[in-house]
Amino acid sequence: VRTPRRLLVTGGAGFIGANFVLHWCDRYPDDRMVVLDALTYAGNRNNLASLAEKENFRFVEGNICDRALVDRLLQEENIDTVAHFAAESHVDRSILGPGAFVETNVVGTFTLLEAFRQHWKNTSLASGLFLHVSTDEVYGTLGPDDPAFTETTPYAPNSPYSASKAGSDHLARAYYHTYGMPTIITNCSNNYGPYQFPEKLIPLMCINALIGKNLPVYGDGQNIRDWLFVLDHCLALDTVIHNGKPGETYNIGGNNEVKNIDLVHILCDLMDELAPNLPVRPCKDLITFVKDRPGHDRRYAINSTKLQTELGWKPSVTVEEGMRKTVQWYLNNEDWWKPLLSEEYQAYYSKIYS
Ligand code: NAD
Ligand code: DAU
């Protein structure tokens, strides 16, 4: 019999966090779910609107760097499981302004770890867990013939974003080794799906196609990413929370390596098929090669054999199904993405794509 858990989910109003919270509340309605989110430009309260009336759900607007707040939540909610998603997550923004990445990703993670260490000591939690959600970008970049990243690939982060995530991973690891605190780290490849902020490649291409704007492909478009549908990431985290071993790292990936330019063509074909009123058709006429991202990693590929063989997870959505669902979601949810194309977003956009 499963004992109900009491979770604190940081960053639960963001893309993956919201998908995770919705999944968890649906699957485990008796669990207590507390979301802590600062509602930065990437956080959106509407993502969790369907949970507003739910008794076991609480949303707290606040910063993970606020130690007093984190201490209070851990204690008053008697939390046993922290699922830590909150982060500054966009590589291009980390190039423009790395400070916020060090603050949230490194100092914020440190604050949570310290608070949980104290709480864990005070309460002698039998089944406590601190799940640190991280990225494959900490491993750096691969050449065309290199084997995919495994859990023992040395860290070699190349952007301020990935360097800040690497720092936070090292802290989470150290808290297990030094204090025996039950931490688990997951390193996942590129996610896509509903609720992803428009700055990221897939929503950006869908939204730009819908409003007749250029589809900007960095460099020669030959960079490779390994794509995973967000629900499969959430299911992997569910598996790790229930069956993962403290002190371990698990890689998560979909085994779906695609070149950026090929992906943009797939999206254009789906748009042509699914969107009746495209301003420009065929959509691929909008593709424009633009200046490359500085330090742009060439290839990511994740080996998730450990998670598959030790814990029995495997991806359930094919890239074809997932891309179709995702394009359809952006087509159906203009009310969600339109308000996000704010002045702040336009200012960011002109800096990156000028
Ligand atoms: P996101 O940018 O969509 O959401 C981040 C959330 O964190 C937002 O709701 C934001 O308001 C919140 N947040 C930011 N700073 C905060 C702070 N100081 N205090 C409290 N809340 C704060 O990010 P995402 O894409 O959902 O990524 C979630 C996590 O997963 C991140 O840790 C990221 O590194 C990791 N990850 C992302 C991907 C991906 O493809 N998107 C892949 C692997 C791992
Ligand atoms: O690998 C996991 C990581 O995936 C996560 O840790 C990050 O939080 C997440 O943002 C994502 O990082 P990427 O930099 O890979 O994602 P992004 O969507 O920004 O870009 C995907 C690829 O597309 C990358 O090679 C850059 C390219 N790109 C991106 C944008 C926004 C373009 O060619 N044009 C664009 O306009």
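In this predicted model, the axes of helix 6 and helix 10 (residues 319–332) come within 10 Å and cross at roughly 50°. Axes here are lines fitted to C-alpha atoms, for helices over the stretch in contact, with angles running from 0 to 180 degrees between N-to-C directions. Helix 6 passes helix 10 in a right-handed crossing; a crossing is right-handed if the near helix is turned clockwise from the far one by less than a right angle, and left-handed if anticlockwise. On the helix 6 side, I202, P203, C206 and I207 meet T326, V327 and Y330 of helix 10, where contact requires C-beta atoms, placed from the backbone, to lie within 7 Å. By class, that contact holds 6 nonpolar residues, 1 polar and no charged. Nonpolar covers Ala, Val, Leu, Ile, Met, Phe, Trp, Tyr, Cys and Pro, charged covers Asp, Glu, Lys and Arg, and the others, Gly among them, count as polar.

Residues are numbered from 1 along each chain as its sequence is written, while chains are lettered from A and ligands numbered from 1 in the order in which they are written. As this is a predicted model, local features need pLDDT of at least 70 and side-chain atom pairs count only at pLDDT 80 or more, whereas totals for chains, interfaces and linings use all residues. Helices (H or I, at least four residues) and strands (E, at least two) are DSSP runs, numbered from the N terminus.

Two further helix pairs can be described in the same terms. The axes of helix 1 and helix 7 (residues 230–243) come within 9 Å and cross at roughly 60°, so this pair is oblique too. Their crossing is right-handed. I16, N19, F20 and H23 of helix 1 make the contact with V230, L231, H233, C234 and L237 of helix 7, a set of 6 nonpolar, 3 polar and no charged residues.

For helix 2 (residues 67–76) and helix 4, the axes come within 9 Å and cross at roughly 40°, which makes helix 2 oblique to helix 4. Helix 2 passes helix 4 in a right-handed crossing. R67, V70, D71, L74 and Q75 in helix 2 meet T111, L112, A115, F116 and H119 in helix 4. This contact does include charge: 5 of its residues are nonpolar, 3 polar and 2 charged.

Most residues other than glycine have a negative phi, and most peptide bonds are trans. N78, however, has a positive phi, near 50°, and sits in the loop between helix 2 and strand 4 (81–84). A cis peptide bond joins R281 and P282, with omega about 0°; P282 lies in the loop between helix 8 (260–274) and strand 12 (287–290).

Notes:
Parallel < 35°, antiparallel > 145°, perpendicular 65-115°, else oblique. Contact = placed C-beta atoms within 7 Å.
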